Amino acid sequence: MQMNVASPADQVTQQLARRARWGLGEVVFWLAVLASIFLLPSRHLILTEIAILALFALSLDLILGYAGVISLGHAAFFGFGAYAAGLLSKYAIINEPVLALLVSGAAAALLGFLTSFLVLRGSDLTRLMVTLGVALVLREVANRFDWLTGGADGLQGVTIEPLLGRFAFDITGHVAYVYCLVVLFILFLIARRIVCSPFGLSLRAVRGNALRASAVGISVNARLVAIYTIAAFYAGVSGALLTQTTQFASLDVFSFERSADVLLILILGGTGYLYGGLLGAIIFKLMQDWLAGITPQYWQFWIGLVLVLVVLIGRERIGRWIAGIRASVERLFGAHGSAGTKSESSRS
Amino acid sequence: MTTVLETSGLVKRFGGIVATNNVSLQIAKGARHALIGPNGAGKTTVINLLTGVVPPTAGHIILEGEDITALSPHQRVRRGLARTFQINQLFADLTPLETIGLAVSERLGAGFDWWRLVGSKPGVVDEIVPLLERFKLADVMDERTATLPYGKQRLLEIAVAFACQPRVLLLDEPAAGVPEAERHEILATIAALPKDVTVLLIEHDMDLVFSFADRISVLVNGAVFVEGAPDDVARDPRVKAVYLGEAIDG
Amino acid sequence: MQPLLTNLFDGIAYGMLLFVLSCGLAVTLGLMNLVNLAHGAFAMAGGYITVILVNRMGLPFFASLPLAFVFTALIGVLLERTLYVHVYAKSHLEQVLFTIGLVFMSVAAVDYFMGSQQQFVQIPSMLQGQFDVMGVGIGKYRLLIIVLCGLLTIALQLILSRTRFGSRLRAAVDDPRVARGLGINVNAVFAITFAFGSGLAGLGGALGAEILGLDPTFPLKYMIYFLIAVTVGGSSSITGPFLAALLVGIGDVAGKYYVPKLGAFAIYTIMIVVLIVRPQGLFGRVTGR
């Protein structure tokens, strides 16, 4: 490498800019997603589910992959947003769905903010327990207040007005799919800016070494609260999308299985480079769909088996097996992941 | 002589153990103050107290006239007090460029900037470049910290503290664990630190201490045993006794 | 006064049952630093084994209790040596995901083989009904639970404090590396302890089928209760989880009786509050983990 080609200042700027540049793989990915609108019309229903799941997984990646906060109850925010959207529509508080979506997300963000202090202290195990507890409490609340939420029967009578007053949801789910994709893409772009920003860098620092982070002047707790709130917003939006596209909300939006599934998705797809949730959601949903087709009642057994195998084999070994593929994929998707640039890193 | 950092009656007890025993230090502005003492004397505890990692049982810490005893570590950094750790505390997955870029961005107030790219705030890159060059990290700026040789990591440890533009820099055994071949880089870097930065240095390497320090405090069993100019301390028989482990009477 | 005492009695029975169910989890967490969310699956196994032995094979109830313990302990040893041993060194998150996977598998498998309906153990007639002591209803079955679990707790405490195995176990909990250095076969201690803990869970499941309800979703339903007992009680002693389990048991029964709208709330909220104030649990030591 010639050192006298570019001045040091230029080199520094170049290196920093490299992170945020769009990789070829990223462009291909989103073009494929765009194409799916037109090329796969018959699969829009399942694709909508994948999009919602992808957004949910993305929200967990923000706290797990970037800030290092483990949560076993992320469904709390998903469910809160889902019920918020349902109630806003059912009781005609906010009729326009996009506005209702934003308000539901904001409601989930508020919940995230209020519960964020719970994950600031304690070990990983404490965080697991506390986040699980919060999700269970919410489920109980929804169950008890059945005069409001419909309890175990679910929230009935949710009707969704046309988007922005113009685009009505149709039976074939095309409008719903495009709606979810647009929301996913916009929120993804914002998340992308966040992780490439100084704030995003500080999150990776907090995750890597919180002691050193505070020794550099970073208020660790404030950063964690911020990203936890943002992640709760994203999760709430994904829950609201589910309610709006299915016109129904039930207690299982808070379920433990939902929180566990999204963890599995991130394990499958990888954490810390933003696309893990998206790719993982595709893999997971297709796998689940295929398994449910084979054994409609017992597909959860095979999901459990996948979990066990993935952990046993270990992500390092899996990572090594497909190391070459993964490195090229990451290079294609751009170098804005939370891992290093030159050498292969092992994801913890 | 203005005192830039002082402690008054600083005490730290861990259960029944008195790790820091009524330590009162006065560190002058621009000083090169060394803190030495046998193993287990409590030197790192003093640094931890000064930086707020550990709360004191009693006593006060005053930085440039302001009582910072109740402030959290990151707040003290913002007020110009930075440290290095005895065992490197770095970000394994970040590169030196990112590490220093982070420290600079934070100092320039970009910590919550979520929209702009790292380094795009005016002034950030201009600060990063001379830091990389001063600490000999320009050639490895894009490598993962975990893959760097130990000497480079140690330089990065000092660089990141320095990137906070501290008025008082606390160095906890900067040359510790560094192989012979790489020590001179560390020593030269420390010697070249600007005169207006006050340095408090913990070290075991006596060559470094006596060539660098203009004032030495000797810490024994958590208390300041002897304090003075390097020559005086070097000649003091009590100091030799403490280091050689002989019994001290009365 | 009577309802209060009855509730207290029921709560104590529930709490002691919970303790027997979760002490295995507390010990494996404290000993092997292993988060085993599948612990409830062993309890479920014990319950179903008892159902098969008593209902289908006609064994007497009291005879099938120790058999449930033994069978579940054997399953525990098998799984420990083949599967769990590989995740000891992994992060808590990976252990959580691994054991969640085991739970999913066990829930589906039991559903497949035994059906999804709730199973009832045919308890002997002498255990049915209750004594009336000064207007307080003392359920006979619950009394049995208190007696049995109380004896088990005392036995556990004695084993830990009086036997050589107990002191080896405590040493290994305190610091596995040092314990190995002292020549203690830590692996054997792990295996035996895991088996014992699983066996206790199985016994608890057998006893608890009548009170807690036995169906394939048991591990998921009660996982949170075991975890609460362990995290609130801390994992560095037996007394911590014991007291925490009692707290959960009494709190749950009292909560559901006095404030039915809040019900299970009370337990979750207590847990969250405790963990905020003392992340290491009410009785736990602050360790590096």
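Reader: What should I know before reading the values?

Author: The model is predicted, so local features need pLDDT of at least 70 and side-chain atom pairs count only at pLDDT 80 or more, while totals for chains, interfaces and linings use all residues. Residues are numbered from 1 along each chain as its sequence is written, chains are lettered from A and ligands numbered from 1 in the order in which they are written, and side-chain values use heavy atoms, with hydrogens and water left out.

Reader: Which chains share the most contacts?

Author: Contact means heavy atoms within 4.5 Å. There are 2 pairs of chains in contact, and chains A and B share the most contacts. Chain A puts 43 residues into that contact and chain B 43. Chain B and chain C are not joined by any contact; their closest C-alpha atoms are 14 Å apart.

Reader: How is the size of an interface given?

Author: Often as the accessible area lost when the parts come together. Here buried area is the accessible area (1.4 Å probe) that two parts lose on being put together, summed over both. For chain A and chain B this is about 3800 Å², with 67% on carbon and sulfur atoms. Of the area that chain A buries against chain B, 18% comes from A:Leu16, A:Pro198 and A:Arg212, more than from any other three residues.

Reader: How many salt bridges and polar contacts lie between chain A and chain B?

Author: Side chains of opposite charge can pair when their charged atoms come close. A salt bridge is counted when a side-chain nitrogen of Lys or Arg is within 4 Å of a carboxyl oxygen of Asp or Glu. A polar contact is a pair of N or O atoms within 3.5 Å; within protein, one must be able to donate a hydrogen and the other to accept it, and residues adjacent in sequence count only if both atoms are side-chain atoms. Between chain A and chain B there are 4 salt bridges and 14 residue pairs in polar contact, both residues at pLDDT 80 or more. One salt bridge joins the side chains of A:Arg223 and B:Glu106, at 2.9 Å from N to O.

Reader: What does the interface of chain C and chain A look like in the same terms?

Author: It takes 43 residues from chain C and 41 from chain A. The buried area between chain C and chain A is about 3700 Å², and carbon and sulfur atoms give 80% of it. The rule finds 0 salt bridges there, and 1 residue pair in polar contact.

Reader: How are two packed helices described?

Author: By the angle between their axes and the distance between the axes. Axes are lines fitted to C-alpha atoms, for helices over the stretch in contact, and angles run from 0 to 180 degrees between N-to-C directions. Helices (H or I, at least four residues) and strands (E, at least two) are DSSP runs, numbered from the N terminus. In chain A, helix H4 (residues 75–90) and helix H6 (residues 124–144) pack at about 25°, with axes 9 Å apart. H4(A) is therefore roughly parallel to H6(A), the term for angles under 35 degrees. H4(A) contributes A:Ala76, A:Phe80 and A:Tyr83, and H6(A) contributes A:Val134, A:Ala135, A:Leu138 and A:Ala142.

Reader: How many salt bridges are there over all chains?

Author: The search of the whole structure finds 25. Among them is B:Arg167 with B:Glu64, whose closest N and O atoms are 2.8 Å apart. B:Arg167 is in the loop between helix H5 (150–162) and strand S8 (168–172) of chain B, and B:Glu64 is in the loop between strand S5 (58–63) and strand S6 (66–67), so the pair ties together parts 103 residues apart in sequence.

Definitions and conventions: Parallel < 35°, antiparallel > 145°, perpendicular 65-115°, else oblique.
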